[in-house]
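Trainee: Hi! I'm new to this one, could you walk me through it?

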Amino acid sequence: MFIKIRRDTLIILLLAFMLILSGRVMTYMSYASSTNVGDQGVQISGIIVKGNDIVPLDSIKSSLADVGFRSGSYIQGDTLVTSKRKVPLNEAIDNAKQAVMLTTIPGTQVTPIGAADVQVNNQTGIVTVNVIEDFSNIQIKGLNGTF
Amino acid sequence: MDRSNLTKFFILLITVAMVVNTASATMNVIVITDPTGKDPNGAAAGSQSWAENMFQSTFIMSKDKHFAVLSGGEGNETPRLGAIVSAINSLENGGTAAQAASLANGFSGIRVMDGGPTIGAAVGGYFLAYVVIVDANNTITITPYNGGLAVLPPGDRGAIIHLRNTPGNPQYGTADAVRLQTAEIMGEMIRDGYPATAVVAAAFKNVAINAGEKHGGGAVNLVSGITTGDMFTPPAYNTTGFSMDQPYSKVSPNGWSVAFPEADNYQTSPIDGTNLTTVYAYQALQNAITVTANSVSVSVYGSDAPGITETTQEIVEASVNKHGYSNTQIASDVNKAIGNGLLVGVNDVEPRDINVNQNQKAVGVYYTPLQNNRTSPPWNLPISSSILSILGNMQTAIGLILVILVLFRSTLISSFLKK
């Protein structure tokens, strides 16, 4: 050995190591067992769509994701916080209604959703969308009249 | 000089003519094997083409009213949309398949095929089609139609297939032979009692291999309201979809699967070492739209995190096959998966979070997402977390002080001794 160490020094070092290790483990356990959610708001946890028949579910979900109702966004009080910006919740809901009504049949510009209602649950973060499809009053660019 | 210019001009003209004429170069097929609408696999439809842009608009389905509207993806976009929307509108208001399809005759160069288990099927507009009817004595009648309106009457078992070759398809010119061949195959399968989903898949296979009109598109099960969705459709505008004669994935007997091209790297299942079977796209299409005795429809609420839906589907299916429709069993299996780290970012579920409907073979799972970017649910310890946190920090501090003491040990001792 080229470093001379007394035996009691070694014991003290070992003790310190064990103390630090168990201390860190305890801190992790305290984190793992804590139920405190911190000051972050309610996350957007899921989207339930009702009333769609011909427009696919995925298209409506991606419309909602475009206006901020996507995973990773959260509600803080009356504000929807997304990865891009903060929007007042009622404004976000209005945007969502518009976006849902502009959802197309994939591969076309036909927008058959005539009315949409969006509700956000502030406690659970679940977004419920009710849509009504209407094929009797659709305007197609380049064709006269409605279909 | 003049002559070469003229040739170029003609080539240009021919190209323009080809592009304009792609309006109806596609395969559309609709099959009804149970006109009563009781067999969950008794009616199916689908579209594929050599051409680009075979999005979901080429195989539209109403899952509530059980009808499908098929069309080509290419060509004069605006009239096609007009024809599709008029046909949907007519069917929504209780029109028959023949009424809806005949509306396509009002738009130039357009074809619309539609149908449902109880309303029959029809194709209208510009098409080259065979109508296959299998009567109660199992006699197969195959009738060719060329434009106008062709009908498979309500209450009859049968099929309609439209097929034309897209210019540019290396197998150009095979459409007429393959259309008849496919109609014969479908007629025989319907006679032999195969479900409509299997007949449609067989038609996709035959057309994809022998006529080259092979890019998805996709198919729908009209009775159960299942669609292949975006499984085979093009990833972007002006691209083609998945080739229906290509290998799609590899699966093990226990359900583990991997999609191509990654599947090239696997010969056996990494979980249990069993041999993998290659699934071709037309088989994947059939599996996707066929309802089997042990298939469960799983709905997941509360978390849109990637992978949660798929993993939950697998877990619930395995649990139902093993223990039946018991919400306590499903909950405990889901919790086991959360404990293993298979499902990440959601809290443990309780039996009341599992909604079971045995008659419809449907299971709904309601998750509660974890806050603060946590990946697993909080541990249940007998000591409160704040006490643990204080103790842990104190121990760390004492440990660090001890290390410092050791480092400056001789200096400290000697300085004490001096005093």
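Trainee: Let's start in chain B. At what angle do helix H5 and helix H6 of chain B pack, and how far apart are their axes?
Mentor: Keep in mind that this is a predicted model. In it, H5(B), residues 196-210, and H6(B), residues 281-289, pack at an angle of about 160 degrees, and their axes are 9 Å apart. Angles over 145 degrees count as roughly antiparallel, so that is what H5(B) and H6(B) are to each other.

Trainee: And which hand does the crossing of H5(B) and H6(B) have, left or right?
Mentor: The crossing of H5(B) and H6(B) is right-handed. On the H5(B) side the contact is made by Thr197(B), Ala198(B), Ala201(B), Phe204(B), Lys205(B) and Ala208(B), and on the H6(B) side by Tyr282(B), Gln283(B), Leu285(B), Gln286(B) and Ile289(B). Sorted by class, that contact has seven nonpolar, three polar and one charged residues.

Trainee: How many residues of H5(B) are buried?
Mentor: Twelve of the 15, so H5(B) is mostly covered. Among the buried ones are Val199(B), Val200(B), Phe204(B) and Lys205(B).

Trainee: What covers the buried residues of H5(B)?
Mentor: The cover includes strands S1, S2, S8 and S9 of chain B, along with helices H4 and H6 of chain B.

Trainee: What span should H5(B) have, and what does the model give?
Mentor: At 1.5 Å a residue, its 15 residues should span 21 Å, and the end C-alpha atoms are 21 Å apart, which agrees. After H5(B) comes Gly212(B), which has a positive phi, near 75 degrees.

Trainee: Changing topic: how many residues are in contact between chain A and chain B?
Mentor: There are 45 residues of chain A in contact with 45 residues of chain B. H1(A) gives the most, with 16 residues. That side of chain A has 23 nonpolar, 18 polar and four charged residues.

Trainee: Tell me about H1(A), then. How many residues does H1(A) have, and how far does it reach?
Mentor: H1(A) runs over residues 7-33, which makes 27 residues, and reaches 39 Å from its first C-alpha to its last, close to the 39 Å expected. Its buried residues are Leu19(A), Gly23(A), Met26(A) and Ser30(A).

Trainee: What covers those buried residues of H1(A)?
Mentor: The cover includes helix H9 (385-407) of chain B. H1(A) and H9(B) pack at about 155 degrees, with their axes 7 Å apart, and are therefore roughly antiparallel to each other. H1(A) passes H9(B) in a left-handed crossing. The residues of their contact divide into 15 nonpolar, 13 polar and one charged.

Trainee: One more spot. Is Ala92(A) buried or exposed?
Mentor: Ala92(A) has 22 other C-beta atoms within 10 Å, and 20 or more count as buried, so Ala92(A) is buried. Ala92(A) lies in helix H3 (residues 89-101) of chain A. Leaving aside neighbours within four places in sequence, Ala92(A) is in contact with Val67(A), Gly68(A), Leu80(A) and Val87(A).

Trainee: And where does Gly72(A) lie?
Mentor: Gly72(A) is in the loop between helix H2 (57-66) and strand S3 (74-76) of chain A. Gly72(A) is partly exposed, with 14 other C-beta atoms within 10 Å.

Terms used:
Residues numbered from 1 in each chain as written. Chains lettered and ligands numbered in written order. Predicted model: local features only at pLDDT ≥ 70, side-chain atom pairs only at ≥ 80, totals over all residues. Helix = DSSP H or I, 4+ residues; strand = E, 2+ residues; numbered from the N terminus. Expected span 1.5 Å × (residues − 1). Contact = placed C-beta atoms within 7 Å. Axes fitted to C-alpha atoms, helices over the stretch in contact; angles between N-to-C directions. Parallel < 35°, antiparallel > 145°, perpendicular 65-115°, else oblique. Left-handed = near helix turned anticlockwise from the far one by under 90°. Nonpolar A, V, L, I, M, F, W, Y, C, P; charged D, E, K, R; others polar.
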